[in-house]
Every structure is written in C-alpha cells, then in structure tokens.
Amino acid sequence: MGNATPYFYGAIAPSWLFLPGHGAKPFFFHRHTVPKAPFPPTPPVPKGSRDMVICPQCIQANPSENRFCQYCGTPLTVPCPQCEAPVRLQQDQCDICQTWLNQPLQALVLDGSIDLFQSRETLDEEGRYHLADPPEIRAQTFPWLKVMDTAPDASSYLEETLQQETEAFHRLEATDKAKISDPQLWVDMGIPAIARHYLSLQDSFSTFPKLYDAWIRPDHQILLFEHRQDLLIPLEAYCEAETPLLEQLLQWCFQMVQLWRELVPIQCCRTLLEPTNLYLDEDQSLVVEQLLNDDPENPPALEQLPQLWQTLFSLGEQSEWQPLYALTETAQEGSFNTVSRLKKALRDLAPEGIAELLTPGELEAVELQPGDVMTLDDLPLAADLNPEELALDIEGLDESSTSEDGPAYPLDIENSEGNIASADFQSFTFPEEEEASTVVLPMNLVSLEDAGLTDIGQERDHNEDYFGIRTKIEKQENLLGRQIQGRGLYVVCDGMGGHAAGEVASAMAVETIQDFFQEHWGETLPDEAMIHEGIIKANDVLYRINVRNSRSGSGRMGTTLVLLLVQDNQVAIAHVGDSRIYRVSRKWNLEQVTVDHEVGQREIHRGVDPDLAYGRPDAYQLTQALGPRENSFVEPDINFIHVNEDCLFLLCSDGLSDNDLIEETWKESLLPLLSSRANLEEGVRELIALGNKYNGHDNITAVVVRLRVRPNLGLQ
C-alpha cells in the first residue's frame, strides 16, 4: 500500500498472534491507533447517483461535470498521478492515460442475499468500496462481487480493529491463550470468524487469497480480498483442455497433501475437496478460491483426496498415469492414512533423479501412532545427521500425556545396528535452531527475464549512458514443474568528462566488467572480493587512459556504475556514484538498495541533518566515480540479497531517478511489471517516456530484471 499505509502481513510476529493449532506463520497489522468506530454513522450514498459525483464532505450527489460541490464547495476532482489530468473522485481510471486510481478488490458475501446489493452503489455504508459491475453481472457472480477501493491509502476496519485490540490479545496470551482462536471473540469484534484463518495462513502460503478487509453487519458478512481472478485458471477446465504431464499431476497432489496438514487444525479440509474451488495461477501452481469450513459432525478424511484425484485428473487403469491411479486405489483402502505416508508414496512415483521432496536439513512434522517404531532412515532430516545430533524433547510423558503440540507417544529410534534410544517422543529440532518457530523453505528460480533501453533525453546532443545485459539460462521440467538455473550480469554506467569522453568511459567500463566476469565467474555467485576486483579493474583501465592522455580535473573522463549479478535466487549488488538500483516486491514495496556516492549523503553519514547536508551548493557533487582517480580512492559498496519472493530490480541513471520520479510513480510504472504477463520491453519503453516527460534534462537509461521464485520442496 506504499509508505502511507504500511501493511506488515507477517513481518512482525508477537507471540499472541500465533493461533493455537496453526502451523502457519502469525499475522500482524502495524499502524497508528485510530479511535474505534465499528459502524461509523456516516450518511448512506444517495440513491440514483450512478452518473453523479458524491461529495466526500457533505455526501451530496453532484452532476458529473461539476468540478466543485454545488452544496459545500469541496473539490470533486483529483489529479491523475500519471498524467495529472483531472479525474472525478469516484472514477476508477483516468480517461487520458488509463491509469487505475482506485484499487480493484474481490468481495465475498457470507450469509447474505444478492438482493441486498442489486440497488446499491457501494458495498459498505461509508461509501468507500464501490461496486464495479452492473446489477446483471453481480447476479451472475454472487456471492463474489468486484469492488473498487476509492481510498486505498486509508486504513481498513480490519486493520484498525486488530491494532486496537493488541493490548487485549496480550492479556489473553498470559491468561487464556486458547481464547485467541475462539471464533466468538472475532465475531464480538465485528470480524467474521473465518477471517482469523486467512490471516494466519496467507503469509506462509501463496495458495490462499490475501485478506484486505472484513466486517459483519446484521444481515450479512463481508470478506475483501486482493483481486486476482483475472490471473487464475480453473483446475478442472485446465485438465479438460490440456494433458498435464505426470510431473505436474504429482506436483499438484503433493501440494494438496502439504496443505491438508495445515487445514486439519482449523477444520477447513473441504477447501481441497471441492473441484470448483481449485485454480492454477499464472505459474501453474495450485491456489484456492476461498477457505471452506468442514462439517464438524462429519469431517473429511485424508482418503478423500486420492478419490478426488481420480475424478479431477480422469485417472484410470488404462490411462498413461496408471501408477498414480494405482496409488489412489491403494490410498482409498486406507494404506496411506497419514500425511507423511501419502507424501512418501507420491515421492516414490517421482521420476528418477527427483524423488527426494525434502531438502536435507529441512524439518517436517512426523505423525506417529502409539507403539510405532521409526528408524533413523525414516526421519525427515539430512541423511548424514548423526544420532547424537538429534535433540529429543524427552519429558517422561506416557501415552496419555498431551502438550500444546499434541500427544506424546513412546518412540523407539533404531539404526541399522540396533536400538539406540527409547523414550517418550514429543518433538525434535536442530540443536542450533531450537528457538526458531518456523522453517523457511529454500526457493527455486522459475523465471529470469530482463530488458534494457537508453535514450538521449530532451536537452543533450549525445548519449553518455551505456548499459550491458548478459544472461544465461538452463531450463528443466521436473516434479515441481518448470525450474531454471539462471545467471545474469547487468550493468548501467553514466559517463562524464565532456565531448566524447563520457560515452567512451561508460562503454569501456561496461565492456571491462563483462570481460572480467566472463573470465572469472565460476560455478557460484562471485564473492565480494571478486566483485571488488572487477570494479577496480574497470577503474584502472579508465585511469590509465586519463594519465596517458595527461587529462586532469574535470577534463578526466569517468563514469558511475551500478552492477547486478544474479545466480539462481542469489543476487549481488555493487555501485560507484549516483546511478541507482531499486527493488520492487509485493512484501517490501519499493526499496532503494544503493546509496548515492555524493556530498549530501556523505554528510548525512557523518551525522549532519539532511536539510543542512542537502542545503550545501555542492550537495550533489559525486564523491566517487570510476576513472578520475587511482584505484585506492575507489571504494564500491557491495551487498548480497537472497531472493525469497518474486521481485523486480531496476538499474537506472540519474536521468530517470532525479526529482524522486521513481518514488512518485513506482506503483504505476514498476509494480505491474512483477506479473509474468507484463511485457518488460514495453515497460522499459514506458519508463523512458516517463523520464523524458518529467525530467528530460539528462540521458536516461533503465534496465529491469524480473526474478520469480517458488518454494523448493526438496530438489537437490
């Protein structure tokens, strides 16, 4: 939501937000405290105002051509953030540049009738969430309704309520922890009870829709989610139209079994058993439309999952997927009555070379029955883990003992040489990670894409910017779908030195960097020492030319440098000067990952107030560049990033980043490029056009790199 609305889904995790019985991460909304008003007494939106503009001050309807309210004088238009054209307050999209002004969302109506919403203009009484579709479309999609959030920077009722109840939750944690997951507690707060499950699951699993807002009214309940329906394909329809590979089927089955474990404690296993509730996202990973509560009198059994697979995937004895069909037949007989056993059976069907679905060192819960005997080979740990490295939580509990984690059973642990331990088993952890509450799954790179463009700008007569892109990708298809091994080298340089010197310096720096890493980049991502060596090599080449040509002062050619190296989901970033690298992701929004090497930033680093630091006449003078000075004066900043979510990197010269242009426009210009359906070439062209429109005083260069990742469920 940007800086104005810092949503932190799962970013901060106080202990009271762990809902008992949940295996997923906690949730947390962090925001200023707002006076609680569950049902604000604002007037309803006037009827018959579809073609009118509603004044936000007096809630009166005005003719659409009015720029100011005819009743109170309040402005009825806002400038488009992209082109600054005036746009009506309730208008979703700019007529001039087609930029979205309001955020599209998907509403799910619980315990309500379509009749409640057929004649309404908004979903809520306060008039914030506008119904986007005409009544005839609403009737077809109900209980789902498309809405537009006209105040995306404002806090939601759900967010405010959870923030206000923080102190109460802390008290419950100390006195009655189980009460936190009590559905009545949430209903009393004016929030549908099932919302607590979405909040608990959504940060750990992209399978579930992200909850945006929720509330209860006397005649209905509302859940508001991010709008993603346009990107989803019904799994049933996909299987009818396509012939999935065995690896794809195994991937989806394995994912369902993994999710089953999370849904059992919250009694929502039916979520996976309704075919119409299962979808594929743009990367053909399984997602669900909504959580569905189980019948408490007749809860689903794990054996129903294999039964669903037979129908959903049209499995049969004569089909090409006969081994999977045989597994489903055996499973329905009760042979795989635990998640662990069913996962192992799926693992055994995997093609040769990718059978292990658990990464060595990764922890998985173990399901046991009283009297079970387990060998070390059965433990979901690294194969080379020694018995003495196991930390057993032995409390001397008997078979009837229970804990917050469930019952504890006597367990015999054996190796191939005999029995080595017999104890009441509750849990095991890695000795060095006993305090960790969750295990972070390693990620696989599934997509690495890039695009770059440079432009002379509006005022220069030649282009001193230069960029380079070198990418190498190896693809493979396996149990987890498509995976790739990717390597990329991305460089942007902004030259200086007058006449042709600047463009020579930038081009030589890029080519030197490329040649260096082509020779020295081995099997792994270059370390800090190697990256430093490559940058110093580029500086040395330029500096020697300056010395040889007896250039001095401002006559010496030089260049800035930003450098991005990618090896799978590992990234290295280095820079010299004031060219920048930004990172965009849905979790962290926009982040500038380089700090300009200029006088103003140097003074801030020394403790000077930013206003004073940038009040100096030389505030924007570079403190570092490649070429003007000898190697000992060049100190590149080098950092490393482990990519664990889809993200977009932007490398750019100051012709694009000046005047906070990226900070002001990233939601429209960069955030949409996160989607794999977005065309990066077109996106870069639009960035250059944006720079020319709002800056244009300098050369403009942009290189974008998109990394998409998925959890590694165990490939070595």
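Analyst: This is a predicted model. Strand β29 (residues 647-652) pairs with strand β30 (residues 700-711) over six bridges, in the antiparallel sense. Within this pair, Leu650 has Val704 in β30 as its bridge partner.

User: In which order do the five strands form the open sheet?

Analyst: In general, strands of a sheet pair through backbone hydrogen bonds, either parallel or antiparallel. Here the order is β20-β30-β29-β26-β27, with antiparallel pairing. At the edges are β20 (443-455) and β27 (589-592), each of which pairs on one side only. On average, neighbouring strands of this sheet are turned by 15° against each other, direction ignored.

User: Which strands does helix α16 lie across?

Analyst: Helix α16 (residues 661-669) lies across β26 (580-585), β27 and β29, and runs at about 150° to β27.

User: Which strands does helix α17 touch?

Analyst: Helix α17 (residues 680-694) packs on the sheet and touches β20, β29 and β30. The direction of α17 makes about 40° with that of β20.

User: How do helices α8 and α9 pack?

Analyst: Two packed helices are described by the angle between their axes and the distance between the axes. For α8 (residues 304-312) and α9 (residues 322-332), the angle is about 145° and the axes are 8 Å apart. Their crossing is left-handed.

User: Which residues of α8 and α9 meet?

Analyst: From α8, Pro306, Gln307, Trp309 and Gln310 meet Tyr325, Leu327, Thr328, Glu329, Ala331 and Gln332 of α9. The residues of this contact comprise five nonpolar, four polar and one charged.

Conventions. Residues numbered from 1 in each chain as written. Predicted model: local features only at pLDDT ≥ 70, side-chain atom pairs only at ≥ 80, totals over all residues. Heavy atoms only, no water. Axes fitted to C-alpha atoms, helices over the stretch in contact; angles between N-to-C directions. Helix = DSSP H or I, 4+ residues; strand = E, 2+ residues; numbered from the N terminus. Left-handed = near helix turned anticlockwise from the far one by under 90°. Contact = heavy atoms within 4.5 Å. Nonpolar A, V, L, I, M, F, W, Y, C, P; charged D, E, K, R; others polar. Pairing = 2+ DSSP bridges.
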